[in-house]
Every structure is written in structure tokens, then in C-alpha cells.
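We will go from stop to stop, picking a few residues at a time.

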Amino acid sequence: MIRSPENLLPTMAERILQWAEIEPSPIVREIIVAVKCHNEREFQRWCQGSKTSSDLRSIDRRCVSLLYQSLKLTIYSAEHLTSLQIAAQSGLYPYWRLWVNTQFCVGHKSLNNFVARFDSGIWEFIYPPNGWVCGCSVTVIDTNDPLAAGSKNLVVTDKLKHQCVNWLDRKPIRQWLLMR
Ligand SMILES: [Zn+2]
């Protein structure tokens with residue numbers, strides 16, 4: 001069962017809010033809307049405004065920046081999942097390829113060009129984003145692509161499941177510095 005776009009977004013948002021020690025549940029949807037509607041500077045102002053929680057007002061500007069960039073990518077990834085699923089269900093593109101953005105996703109590098117069928121359980125674990133400012137993305141490939149043929153005997157091991165899930169393993173401030 002792959003993460004559905006409706007669940008992916010709040011789940012990912014909650015993970016990064018928990019890291020920032022913000023009590024997520026009452027405000028997660030508000031924050032998602034704020035990220036969708038604002039540029040980064042406006043979002044900074046929104047976080048400091050009187051309508052948000054005191055938790056959110058007290059976080060460091062650098063963390064707000066990371067929060068904003070990470071959530072932007074999460075929103076994109078969740079929306080992209082919908083189009084991937086439509087393409088897969090049409091039967092034309094049943095294989096998905098993970099493309100790894102190596103600037104921010106050094107930890108995900110070994111999975112570059114990873115291919116599995118769209119209905120493989122592995123996507124539940126490695127569909128991006130999988131880290132702070134994770135810029136990995138998924139594209140479709142043709143059934144005749146040699147990469148698709150190579151994925152047919154894929155065994156989903158625990159090691160594979162955890163290979164990409166390092167959302168909190170990396171130091172957030174280090175990721176922030178990479179963005180500058
Ligand atoms: Zn990544």
C-alpha cells in the first residue's frame with residue numbers, strides 16, 4: 001500500500017514539526033496552507049504572527065527556512081504522486097524510477113535509478129521526500145526499459161526499506177548551510 005497523497009503530506013509535515021518541537025496535530029493543516037500560499041519571506045512573517053502557536057513563534061529563522069523548503073518539496077511530491085498513479089493505472093507506465101538529487105541527498109545516492117513496479121510495497125518506505133530538503137523524485141519508465149527488466153526479481157528486504165528513510169538522521173543545520 002503506497003502512501004496516498006492525502007496522507008503523505010500531513011505525515012511528512014508532522015515529522016518535521018516534531019523535530020522542531022512543535023506540537024503538530026492542531027496546526028499541521030494550517031501550516032501546509034501557509035506554505036502553499038506564501039513565499040519564504042511571507043512564511044517567516046506568518047510564523048512570527050500572533051495567530052500562530054508560541055512554539056512556532058519561538059523557532060529559529062534557519063529552522064523556519066528548512067521547514068518551508070522541506071514542506072514545499074513535500075507538497076510537490078504529494079501532488080506528483082497523483083499523476084504517477086494515474087499513469088500507472090492506465091497500464092502504460094507500471095514502473096517507477098527513483099531519481100536522486102545528490103546535492104542535498106547524499107544519503108540517498110545509492111538508490112539513484114532504483115526501479116520497482118508502482119504497486120510494490122517498497123514505495124511506502126522510499127517514496128520521497130525522505131529527508132530535510134529532500135529533492136529526490138520519481139519518474140515513470142517504459143516496460144521495455146532495461147531497468148524495468150532488472151527490477152522483476154526485486155526482494156524487499158528490511159535493509160532496503162531503511163536505506164532511504166533517514167529523515168532525521170542528517171543534521172538539519174548542515175542541510176540549511178547547503179541551501180545557502
Ligand atoms: Zn532525497
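Which residue is the bridge partner of Tyr-95 in β2? Select Tyr-95 and Arg-117 together: Arg-117 is that partner.

Before moving on, two notes on the ground rules. Residue numbers start from 1 along each chain as its sequence is written. The model is predicted, so local features need pLDDT of at least 70 and side-chain atom pairs count only at pLDDT 80 or more, while totals for chains, interfaces and linings use all residues.

**The sheet**

Now select residues 95-99 and 114-117, which are strands β1 and β2. These two pair in the antiparallel sense over 4 bridges. Strands here are DSSP runs of E with at least two residues, helices are runs of H or I with at least four, and both are numbered from the N terminus. Two strands count as paired if DSSP finds at least two bridges between them. Stay with this pair and pick Leu-98, which stands opposite Phe-114 in β2.

With the three strands shown, you have an open sheet in the order β2-β1-β3, with antiparallel pairing. β2 and β3 stand at the edges with a single partner strand each, so one side of each has no neighbour in the sheet. From one strand to the next, the twist averages 30° (axes are lines fitted to C-alpha atoms, for helices over the stretch in contact, and angles run from 0 to 180 degrees between N-to-C directions).

**Two loops**

Go to Asn-113, in the loop between β1 and β2. Its phi is near 70°, a positive value in a residue other than glycine. Is Asn-113 buried or exposed? Asn-113 counts as exposed because it has 11 C-beta neighbours inside 10 Å (exposed means 12 or fewer other C-beta atoms within 10 Å of its own, buried 20 or more, partly exposed in between, with C-beta atoms placed from the backbone).

Then select Pro-128 and Pro-129 and look at the peptide bond joining them: it is cis, with omega near 10°. Pro-129 sits in the loop between α6 (123-126) and β3.

**A last stop in a helix**

Finally, select Lys-36 in helix α2, residues 28-37. Lys-36 has 12 C-beta neighbours inside 10 Å and therefore counts as exposed.
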